[in-house]
Amino acid sequence: MSTNLAERVASKRAARNHSPAVPDGRPAKPASLVQYVEVLRPQIERALPEHVGADRIARIALTELRRVEHLAESTPESFAGALMTCAALGLEPGGVSGEAYLLPFWNKKIRAYEVQLVVGYQGMIRLFWQHPLAAGLDTHTVHEGDDFDYEYGLTPVLRHRPALTNRGAVTGYYAVARLTNGGSAFVVLSVEDVEAIRKRSKAKDFGPWSTDYDAMARKTCIRQLFKLLPKSAELARAVAHDGTVRRDTTPDGLDVPGEYLEGEVVEPQRLEDVRPESGEDVPAQFAGRPEVAAQ
């Protein structure tokens with residue numbers, strides 16, 4: 001037996017991944033996460049809302065495994081948990097739609113990569129509209145050249161008239177929601193407020209905070225606003241799992257908030273930089289499709 005701790009941990013993980021069966025009766029985990037996507041496909045199909053196709057979610061997951069560095073090296077439990085959460089919420093787990101992101105990070109406690117689910121700006125908006133009281137949701141960026149004024153209190157006021165030209169630097173962000181019962185609410189955050197929240201995130205320098213800062217800043221406003229609004233079951237689950245790790249892939253696992261762990265988030269590669277070493281591990285039904293082919 002190797003005396004190196006990292007080698008022993010890797011050896012145990014490999015043995016688990018090649019195990020022919022799982023004690024609770026769930027499907028055995030194949031040697032690679034690419035193959036695991038196909039094993040999970042029946043579960044994904046059962047969890048998805050009717051308007052989302054399991055085939056599309058599976059293809060997007062394969063793209064992410066090749067696009068995001070170290071994602072394919074993550075633990076099967078955390079990868080499956082993040083993917084199943086996306087499926088249950090009806091969100092696409094890829095950076096193109098902006099609905100959700102699968103980010104690997106190094107868990108120092110178990111010395112392995114785990115997948116953190118980040119619900120995106122578009123995902124939050126999509127889930128808001130599933131509530132029967134939803135009547136309107138807007139979020140905008142405020143610049144120093146805009147005519148902007150707001151006031152909280154018993155008679156709150158929010159007025160924003162964007163400048164057509166020369167808007168200047170960003171000074172803040174806001175989100176406002178309207179309900180069918182006539183109610184409304186809004187939240188305004190300064191650049192400093194957003195930065196304070198960003199710095200508390202494990203992915204503060206990578207992922208969507210690096211590639212889509214403005215969208216993430218507006219999502220931050222939306223998250224703060226949701227604290228004041230009635231939420232659908234799907235939206236409440238999304239907020240509970242946003243930025244966490246889920247290892248339980250059973251239906252009950254969706255109703256338990258994910259675990260927030262300290263770790264080092266890994267920066268995703270650009271899609272154009274990815275060159276798969278081989279296509280041999282791609283399931284036959286996905287082979288040759290644009291989402292899994294080299295760009």
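1. A cavity here is a set of grid points where a 1.4 Å probe fits but cannot get out. The structure is a predicted model, and by this rule it holds two cavities of 30 Å³ or more. Rolling a probe the size of a water molecule over the atoms shows where empty space is left.

2. Which elements supply at least two residues each to the lining of the second largest cavity? They are helix H4 (76-89) and strand E2 (112-119). H4 gives the most, with four residues.

3. Helix H5 (residues 121-128) packs against helix H8 (residues 213-226) at an angle of about 35°, and the two axes are 8 Å apart. On the H5 side the contact is made by Tyr121, Met124, Ile125 and Phe128. On the H8 side Ala215, Arg218, Lys219, Ile222, Arg223 and Phe226 take part. The class count for this contact of H5 with H8 is seven nonpolar, no polar and three charged residues.

4. His131 sits in the loop between H5 and strand E3 (134-143). Is His131 buried or exposed? His131 is buried, because its relative accessible area is 16% and the class applies under 20%. The His131 side chain reaches the backbone nitrogen of Leu133 at 3.0 Å. With neighbours within four places in sequence left aside, His131 is in contact with Pro230, Lys231 and Ser232.

5. Ala47 belongs to helix H2 (residues 33-47). Ala47 counts as partly exposed, because its relative accessibility is 27%, and that class lies between 20% and 50%. Once neighbours within four places in sequence are set aside, the contacts of Ala47 are with Met84, Ala87 and Ala88.

6. Ala47 can also be placed relative to Pro251. How far apart are the C-alpha atoms of Ala47 and Pro251? They are separated by 8.2 Å, while the two residues are 204 residues apart along the chain.

Key:
Residues are numbered from 1 along each chain as its sequence is written. This is a predicted model: local features need pLDDT of at least 70, side-chain atom pairs count only at pLDDT 80 or more; totals for chains, interfaces and linings use all residues. Side-chain values use heavy atoms; hydrogens and water are left out. Axes are lines fitted to C-alpha atoms, for helices over the stretch in contact, and angles run from 0 to 180 degrees between N-to-C directions. Contact means heavy atoms within 4.5 Å. Ala, Val, Leu, Ile, Met, Phe, Trp, Tyr, Cys and Pro count as nonpolar, Asp, Glu, Lys and Arg as charged, and the others, Gly among them, as polar. Buried means under 20% relative accessible area, exposed over 50%, partly exposed in between (1.4 Å probe, protein chains only). On a 1 Å grid over the protein atoms alone, a cavity is a set of points where a 1.4 Å probe fits but cannot get out, and a pocket is an open set with protein on both sides within 12 Å along at least five of seven lines; lining residues have an atom within 4 Å of a point. Grid points are joined across faces, edges and corners, and a volume is the space filled by probe spheres set on the points. A polar contact is a pair of N or O atoms within 3.5 Å; within protein, one must be able to donate a hydrogen and the other to accept it, and residues adjacent in sequence count only if both atoms are side-chain atoms.
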